[in-house]
Every structure is written in structure tokens, then in C-alpha cells.
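Please open the structure in a viewer and keep the selection tool at hand.

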Amino acid sequence: MASTPLTARREDDDGSVRQINQYTLEKKLGRGSFAEVYLAKSADLAAPVACKVFNKSLLRRKRTMARTADGVKVTTELDKVQTEIAIMKKLEHNRLVRLYEVVDDDECDALYMFMEHVEKGPVMVHDPSTNTFAAAATGGPCGAPLAAAYLLDVASGLGYLHLHGIAHRDLKPDNVLLGHDGFCKIADFGVAHVFDEQPAGEPQKSLRSLERSHSVAQTGETQGTYSFWSPEMVEGEGGKFNAYSCDCWAAGVCFYIFLTGRLPFYAEEVMDLFGAIEAAAPDIPADLPDGAKRVLAGLMEKDVDKRLTVPQLEADEWLAGVAAARQEETDQGKAPHSMLARLSVSAHDVAAALSPVKAKKHSTFFEGAKKLFKR
């Protein structure tokens, strides 16, 4: 695998890495199953960045199996990280976390991903002791106006991904990060999937048709966090389903959490949880606004042909109304769904994932794309 040249590395007396090329690691922000996350500063960037540090040997050893329509697929965590990097290199949208650079350090068997630092972290934090979620701004549920605004941010990011043939497949509050400006960005593309189904020269299908299609974005592979799986994912009969529509269901689960501070479906045993999800009847609190109830019911609709799509969310009068105060920036606050040219992530892109990230300007508002893809 090609790698970004490692030109400088400095370690502290205890052997911990303090500097990689032009980046200085400041403090640890968190730790996951396979990576540590640090706040870092770069001589080339005014704002701090986030740095994910992976141990490649650990990634290679960890193998997972996923059920697909064709059988069982075995992948390593390193495979997933390479795919994540290949996807993030192509993304340019202000509701998606941006990747700046990747450094592959063979000597230390480490991999460093330097990306946009979204200052306030997850939009809501889970408390395992109470199995509830709390927003930093409120200490509990977000309230309808804020929940609606966050949902529209998520919808904008999903719309861009789906139009470019990408299903996120692990949307949850942990992966929705809040910036200092109050807007959200979707993060963590570790199990995202790219569907390369758009024949060259054919007109782009509308986003609504993509998210309702029974012929595109079809997969039998289940990924992500169980509590956010859609009913069609838990049926377990080996059939295929629309991955974009599953993302919309997961957005509904997130919206439920934003509004209530708890999961719509929960059980200690996985099969009990799946049974509750298949029933597809979340307990929607009576004291929520009628508009919130309607959006929740629409996103968490068992029938994919009736489930709300991103364009329907963005056209919803209640969502637009309660989020209006936060959208005063208009063009700055609203993100475009697509770039003029549909991106693609090829097998070559994945193989070359650890090559240098090309410098690119931050996303701007593409009026042409907005007109082209608005249906």
C-alpha cells in the first residue's frame, strides 16, 4: 500500500508519539476499540484537527463476519479503515467530517488519520447506567426545535451521500458531531458502502426514487449498531434491502433520541430487540408536537415504499418552521446535496487509500447542483 511519506516523528520520554510530520499531538480526546483520538495542531492549518491513531497489526488481526445475500463475508478492520479513508478522500460537503491527510508509519506499525475537529463532539452522549442520552446544551433531550434542526443537518449529509452512491450504515448520535456554530456533521464511515450502479451517460435519478428503489442500493449485508437497524435488516431471511432507506430509518431513531433522550426499542437480548424492531411501532410520547409525531412515524415506517425520504424531510413545513430560527444564515447554514459530477470510489481508490490526500477547497454552495438534483 502506498503511504504518505513520514518525514518527522518525535516521541516523549515515555515513548509516546508527540509529533508526526507537521502535526503536533496535543491531548487525548478519547479511545475506541481500535483507535485513540487526539487533538492536534498543524503548521499548515489555523484550526486544530482531530487525529485518529490506529495500530495496524491490531486491525489486521481483528476479523469480522457479516451476513450477506450471497453467504458470509469476512473482512479485517484494516480493510474497513482503508475503505473509510477512500470514501472520505472523495467527500466535500459541510455536513460531513472532512479528511485532511493520512500518514502510514510502517516503522511504528501505526496509521494516522488527520481530519476536521468538530469541537463539541457527539450531539448527544449515552449514559450506560441509565441507558439515556443527554445533549450538552440541555442536559437531557434536545427539545423539538433543536431536534428538528439536527435532523435537517443529518438529512442534508445523507442526501449528499445517497446521491453519490454511498450508504452510511452506522448512523447514530455517537456519529453525529456538533460544531461550535451549532451545526452537525456526520462522522465515521467505517462501515459505509459504495454502490457503483449509475451507468455512464444516464440521467441522475432523483434522491426520492433512489431511497425508495427496489433495484438500486440493494444489499443483504447487515452492518452498524443493532438498535438502529431497520425492520427489513432484522428479518434474517437473506433477502436484499435498500441501504439508503435503512439510513433514513436510522435517522428516525436518532430523531427519536434527540426528542426523548432514549432509544425507541431496547432489550437486553438481541433477538428480543429484533422482535421489537420488526413490530415497527415505536412508543411515541403523547406530549410531542404533532409535527414531530408525524415525522417520527414517517421515518420509522415499516413499509419502505411509505418511509420518508430526505427530500420529503426537507420539504416538511413543520421541520422547516421549528428550525427556521437557527437557519438564519441560509446559504451558509444549508449545505448542497451534491457536487456537479457524481463521485465514485473504485477498487483502485481503496487499494490506494493510504496515498496522500490531495489538497482541495472547502465545499461551497453549488447552485447548479442544487437545481439539477432538486426533485
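Which residues of the largest nonpolar core touch the most other members? The model is predicted, and in it this core holds 90 residues, of which Met-113, Leu-171, Phe-255, Phe-258, Val-295 and Leu-319 touch the most other members. Helix H6 supplies the largest share of this core, 14 residues.

Select Phe-255 next. Leaving out residues up to four places away in sequence, Phe-255 touches Ala-147, Ala-148, Leu-151, Ala-292, Val-295, Leu-296, Trp-318 and Leu-319. A second, separate core has 13 residues, among them Val-17, Ile-20, Tyr-38 and Phe-114.

Now select helix H8, residues 290-299. Its buried residues are Gly-291, Ala-292, Val-295, Leu-296, Gly-298 and Leu-299. Turn the view to look down the axis of H8: these residues fall within an arc of 165°, so they line one face of the helix. In general, an α-helix has 3.6 residues a turn, so residues three or four places apart point the same way. To see what the buried residues of H8 pack against, display helix H3 (144-163), helix H6 (243-260), helix H9 (310-315) and helix H10 (317-323).

Finally, select Lys-52, which lies in strand E5 (residues 49-55). An unreviewed UniProt entry annotates Lys-52 as "binding site". Is Lys-52 buried or exposed? Its relative accessibility is 19%, so Lys-52 counts as buried, the cut-off being under 20%. Setting aside neighbours within four places in sequence, Lys-52 is in contact with Ala-35, Glu-36, Val-37, Glu-84, Leu-111, Tyr-112, Met-113 and Met-115.

Methods:
Residues are numbered from 1 along each chain as its sequence is written. This is a predicted model: local features need pLDDT of at least 70, side-chain atom pairs count only at pLDDT 80 or more; totals for chains, interfaces and linings use all residues. Side-chain values use heavy atoms; hydrogens and water are left out. UniProt positions are given in the numbering used here, feature names are shortened, and annotations may be inferred rather than shown by experiment. Helices (H or I, at least four residues) and strands (E, at least two) are DSSP runs, numbered from the N terminus. Buried means under 20% relative accessible area, exposed over 50%, partly exposed in between (1.4 Å probe, protein chains only). Contact means heavy atoms within 4.5 Å. The arc is that of the directions from the helix axis to the C-beta atoms. A nonpolar core is a set of buried Ala, Val, Leu, Ile, Met, Phe, Trp, Tyr and Cys residues joined through side-chain atoms within 4.5 Å.
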